[in-house]
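Open the model in your viewer and keep the selection panel at hand. The stops below are meant to be taken in order.

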Amino acid sequence: MNKNQTVEKTPYLELRDITKTFGHTHALNGMNLKIFPGEIIGVVGPNGAGKSTLMKVITGVYPPTSGEVVFGGAEKVGSDYSASNAKKHGIACAYQELSLCTNLNAYENFMINHMDHKPFGQRGWRKKAAKQTKAYLDTVFPNNHINVKAPISSLSLPQRQMIEIAKAMSNQNLQVLILDEPTSSLNGERIQQLHNYMRKLCEKQVAIIYISHKLDEIDLICDRVSVMKGGACVLETTIDAISPQELVEVMGGKVTVSQREAADFSGNPDVLTIENLTTDVLHGIHMNIKKGEIIGISGLAGSGQKELILEIFGAANGKKNPAIRVDTKASYVSGDRNTEGIFPLWNIADNMVVSSLEQVTTNGFIDNKKSGSLAQRWYDKLKFIANGTKDEITSLSGGNQQKALIARGIAANAGIILLNDPTCGVDVETKQEIYRLMEEARRAGKTIILHSTEDLEMEQCDRIYIMRQGSIVAELTGREISVKNIVTASFENTQEPSGADSRKEESKKEARQMSLPGKLLRNRAALPIITLLAIFIINASLNPNIVSYTGINMLFSSAVPLVFIALSQMFLVISGGIDMGNGMAVGLTNVIVAFTVMNNPGLGAGALILFVVAYGAMGALIYSTRIPAIVVTLGASYIWLGIGLIVSPTPGGGCPEWLTAFFKFQFPGIPMPLVIAALAGFGTWWIVKRSKYGMIINGNGNNPVAVARAGWSRMTAVVVTYMIAGALLVCAGMSVTVISIGGDVNATATYQMLSIATIILGGCEFTGGISSPVGVTCGALAISSISVLLTFLSVDSNLQSAVTGLILIGALAIKLVSRRKEA
Amino acid sequence: MMMKDIGMRSAEGKNIDRKKWLGKNIWVWPLIGAVALWILIGAISGGLSLDVLVTNFTLASYLIILSLGQTAVMTSGEGGIDLSIQYTVALGAYFASMSMMQMGAFPGFILTIAVCACVGLLNGLVNIYIKVPPMITTLAMGYIVYSIVLVMSASIPGTPAPEISWFAQKARIGGISPIILVALGIAALVAVLLYKTKYGKRLHAVGQNRKAAQLAGISVPKTVILTFILSSVLAGLTGIFLGGYFGGAFQDMGISYMLTSIAATVIGGTSVAGGKSSVLGTIMGALMLTMLVAFLNVSKLQASMQNLIQGILLIGILVASVPKKQVNI
């Protein structure tokens, strides 16, 4: 590939002077970037430089505040640039945080991205999709042994990353591929495969943006590199013209760090000793730190530095660890503000003082004066850019937020201060402030452990431990400490695990693909099915008559309403909400059937359809206002009750003949209640596990952002989900009418709590879009038959709730035990 | 910035400030609702009556005590909710009637509180160490408590101790039932607990971001467990007094309070996601919901319309008061 010619060609995509501001923060500040077809451009920069924001602008997720996105040198798009626009232009991205739905499998994740948005798929689309996905994965990563039909949650992190990358690459019409830290969990062999495929894509004139902190890879695979700092490009050059070490120096910038005098700490007491610390990630760590030292932990990112720091934090704050001896508390300052640092609802003062509460209390109560002055002291020291300590923390720029976190860490009464990339996204002047503070803290007797991806700021350390792949591979002391030496030591000692070892790492989880019985037992429906069988057997042993056609008919006829209600609850739970009003809702549908349908079938049918639409509207309200479903459905329960009372103020009515005939039909061999339950279970199973739109509903319950980015409307998904739930409640109402031969809006309230208990027994989770229609159906049958069992045992019907509760606890205990075994 | 210094404010600036204030003081909405309902009651019954206000505040007091526990649990975040309080209420009533008779009023009272605290302790332990989500934990625990209540109700008549009976029904301070003062006193205590103690500060941190809280040196387990204990203690307390008010305990005495405690908490401005609470809001929410029921009774509307209005008002005030978050793709 002749690189000299790219300067003449027109870029496929060009970003001109892009600015992106969030409130006070300038995430991108006049960013320029040219992307040429068929070339690989690396984008590097320290944390907080704006790489993620840049990527989100390119993919159309964030419209730029100002500047232009230009395609082919001619087509200019400004602030109206959108995700679908980007997709049309062939831009795809493999995200660092992985945009996968973990409750779905690999081919389903592919399909969410690639399939058209028609509600139903063509016959056999799943088989086809599985084959295509497998084939594609094999092309990019040969010998991956990934089961494309297994849920992502069962796959290891390297496998997930491979799927994420392949998913982005497999976009038809691919023109620009963005890979954001694509190799963070891949081993040498896979990285090579990735790079090989990338070159193949380049031959097809696809442009690739490669964001990585692994400079050795950038050196290997990229044609050009753009260095970002502070939201703009500070250097752009061909890869031949610069070495990784020089890149590091460019990223570090012109900070003056006082070279520390080689000090003698041997007289100081030990403050931390680590002997042979080994965990999943760390191997045989030995460390000895004296009081007052500033210790650096360096090495290429991802070598286990953060894990080591977190182990030290845990041990210092009460977690027992035989390998670590530490006699003081530790405070922790993280550069990952949003996940590990700031409390978004609080102001600056509260965020700073939260670790120092003991210092600001008088007589056991928080002293506003003390707390205020502590906050003000640090506020002035760190020269915040804000209106005062009472400003909301979210109104600050990233750098200023970081200042608050550092103040928190130093203000706390801890002997050790752990800093994990503390100057992430902080400007040069503030960094100087922070280094001064660290020195001050040291003089006040604290010990500092610093990990930073900016090697230049490591120069203020007394000693530096260099880490690589979870072990300490080198130690630099005193005069040895320089960026050059740090970088050299970080790049040396490369020991790639052999193919066999890494293959083992990848398939760690797969090894649990066991025998069929084991697999069956692990199914979510196993527990409710076993419970059902157990209760049935107990019932049968007490009353052998049960084991007959009429017996089973009688046993399960009252179960049908709960089956439908629980399945309805299941759909709401998949979408992330919970229905507190389905008891009353069934009361409403019950009386509609018992009165309206009885007297005027046309009107009745219309009323039931209107009910389903109303449920969908409720879902739309919940989604658009973001008010939690739990309270909206609670309010709705009064509305259902009210309407039900209008339809029939007193119990009464009757059951339409055709409905009774249907329920009482003598189905050959299997009693009708079971047939209906089976149909309900099968129908919902098909919707949830086989249908195309069901896949979208599931995905929405797990990773709605990813599904929405693929162009699916979240509102539609929510409304459809609620309408299905409403339809199931109509079925429940019908079955109640048959059983009671009439309607009573107040009689079904108890189903509400039972439906929650049923879905828990049935194997559903309240988050993550995990459900089991079969499990829920069997769970409903099980819980319903408890009452029959209790009647035979001459147990007070009051105790039904108690028994239900105990069964629930039992189910949870079993789940816990099996979870412990798996872990 | 300059304009502010000089003291001049644009009309737009004033508008934004007002919106911000309302956003921070959501309790204003249920207060307006309660006052509006009081006026409506007056309109129907031919004149504003202070008596109506006092009667309803008396009724609301029980709901207030109960809802404060729910408020605390909800503030702890990660789906924090306590579905066991309805049964703990009954547990408190029955156990108090038994223990206060046998051991004397004060020791019996303390023992009842201790027993209810254990319910909360179990809730917390299961949630934290067995890692079961709060909804499931408290639901299951609630069923267990209910079965204990059922067993107790078979052998204990549930008559409240005479002191409690007198307190809840007959006692008067300045013409009003002292339960109002108890409720307000407890509310004040809870407010101090949530806003002026280390525990309260830590609770709000835990509710916003558990990981950040842990890394800031907060013991998340301790904070969450203490919160569940607080909720169960308040539920037990409610049960003891409610038993006195009703003149006797009965199994389902707490059932209707459960959903209303959630509603009162949320309407008052406590965030379901955690990290933000409003004791004042919960009081106003409980008051408004109680006034709503009173208004519907006085209106002599049919049961159907009463329920409809209740539901629409509940949803309406939620839509009006709860701050809407941006839809973020």
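**Ground rules.** This is a predicted model, in which local features need pLDDT of at least 70 and side-chain atom pairs count only at pLDDT 80 or more, while totals for chains, interfaces and linings use all residues. Residues are numbered from 1 along each chain as its sequence is written, chains are lettered from A and ligands numbered from 1 in the order in which they are written, and side-chain values use heavy atoms, with hydrogens and water left out.

**Stop 1: colour by pLDDT.** pLDDT is the predictor's confidence in each residue, from 0 to 100. The model as a whole scores ipTM 0.88 and pTM 0.84. Chain A has an average pLDDT of 86, with 93% of the residues at 70 or above. Select helix H16 (residues 499-506) of chain A, whose mean of 51 is the lowest among the elements of that chain, then helix H20 (residues 560-574) of chain A, the highest at 96. Helices (H or I, at least four residues) and strands (E, at least two) are DSSP runs, numbered from the N terminus. Residues 1-6 of chain A fall below 50 and have five contacts beyond near neighbours in sequence; a contact means heavy atoms within 4.5 Å. Residues 497-501 of chain A also stay under 50, with two contacts beyond four places in sequence.

In chain B the average is 88. Helix H1 (residues 2-6) of chain B has the lowest mean, 45, and H10(B) the highest, 96. Residues 1-8 of chain B are below 50. Where pLDDT is low, the predicted coordinates should not be read in detail.

**Stop 2: the annotated spans.** For chain A, an unreviewed UniProt entry gives "transmembrane region" at several spans, including 749-767 and 774-793. Select 774-793 of chain A: 95% helix, 0% strand, end C-alpha atoms 28 Å apart. Residues 749-767 of chain A are 58% helix and 0% strand, with 25 Å between the end C-alpha atoms.

For chain B, the feature, again from an unreviewed entry, covers spans including 137-156 and 254-272. Residues 137-156 of chain B are 95% helix, with ends 28 Å apart by C-alpha. Residues 254-272 of chain B are 68% helix, and their end C-alpha atoms lie 22 Å apart. These UniProt positions are in the numbering used here, feature names are shortened, and annotations may be inferred rather than shown by experiment.

**Stop 3: where the chains meet.** Select the 64 residues of chain B and 69 residues of chain A that make the contact. The two chains bury about 5700 Å², 74% of it on carbon and sulfur atoms; buried area is the accessible area (1.4 Å probe) lost on putting two parts together, summed over both.

Three salt bridges cross the interface, a salt bridge being a side-chain nitrogen of Lys or Arg within 4 Å of a carboxyl oxygen of Asp or Glu. Show Glu358(A) and Arg202(B), which form a salt bridge with the closest N and O atoms 3.2 Å apart. On the chain B side, the elements giving two or more residues include helix H7 (134-155), helix H10 (198-208) and helix H15 (303-321) of chain B. H15(B) gives the largest share, twelve residues.

**Stop 4: inside chain A.** The whole structure holds 19 salt bridges over all chains. Zoom to Glu293(A) and Arg463(A), which form a salt bridge at 2.9 Å, N to O. Glu293(A) sits in the loop between strand S12 (285-290) and strand S13 (294-298) of chain A, and Arg463(A), 170 residues away, in strand S20 (residues 463-468) of chain A.
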